[in-house]
Amino acid sequence: MDDGDDRQHARSPAKLEATLVSELGGTVRGTVRDVSVAGLFVACAERLPVGTLCELVVDALDDDDVRTVE
């Protein structure tokens, strides 16, 4: 069955809190839903325009400690 997904890299499900700081000056909170070698998907209540440059900060748990990845 072809689901229309022709990505080169497999995606793995994830559930990580993330913050996007956009070049437009805003900050958007979201949740990383999946990760692959080539990127990730962040679900957010607010959409940024396609092509907007962002700084991505992800909070990941490591042995009950929160680690921040930028």
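This is a predicted model: local features need pLDDT of at least 70, side-chain atom pairs count only at pLDDT 80 or more; totals for chains, interfaces and linings use all residues.
Modeller: Local features need pLDDT of at least 70, side-chain atom pairs count only at pLDDT 80 or more, and totals for chains, interfaces and linings use all residues. Residues are numbered from 1 along each chain as its sequence is written, and side-chain values use heavy atoms, leaving out hydrogens and water.

Biologist: What makes up the order of elements in the protein chain?

Modeller: From the N terminus on, the order is β-β-β-β-β. That is 5 strands and 0 helices. Strands are DSSP runs of E with at least two residues; helices are runs of H or I with at least four; both are numbered from the N terminus.

Biologist: Why is the pair Asp 34 and Arg 11 called a salt bridge?

Modeller: The rule asks for a side-chain nitrogen of Lys or Arg within 4 Å of a carboxyl oxygen of Asp or Glu. Here the closest N and O atoms are 3.6 Å apart. So the pair meets the rule. In general, side chains of opposite charge can pair when their charged atoms come close.

Biologist: What does this pair tie together?

Modeller: Asp 34 lies in strand β2 (residues 27–36), and Arg 11 lies in the segment before β1 (12–22), so the pair ties together parts that are 23 residues apart in sequence.

Biologist: How do you know whether Asp 34 is buried or exposed?

Modeller: Buried means under 20% relative accessible area, exposed means over 50%, and partly exposed is in between (1.4 Å probe, protein chains only). Asp 34 has 15% relative accessibility, so Asp 34 counts as buried. Arg 11 has 37%, so Arg 11 is partly exposed.

Biologist: Why do Arg 29 and Glu 17 count as a salt bridge?

Modeller: Their side chains meet at 3.8 Å, N to O. That value is within 4 Å, so the label holds. Arg 29 is in strand β2 and Glu 17 in strand β1, 12 residues apart. By this rule, the count comes to 2 salt bridges.

Biologist: What is the relative accessibility of Arg 29, and of Glu 17?

Modeller: Arg 29 has 48%, so Arg 29 counts as partly exposed. Glu 17 has 38%, so Glu 17 also counts as partly exposed.

Biologist: Which residues does Ser 36 touch?

Modeller: Ser 36 lies in strand β2. Ser 36 touches His 9, Ala 10 and Arg 11, not counting residues up to four places away in sequence. Contact means heavy atoms within 4.5 Å. The side chain of Ser 36 also reaches the backbone nitrogen of Ala 38 at 3.1 Å.

Key. A polar contact is a pair of N or O atoms within 3.5 Å; within protein, one must be able to donate a hydrogen and the other to accept it, and residues adjacent in sequence count only if both atoms are side-chain atoms.
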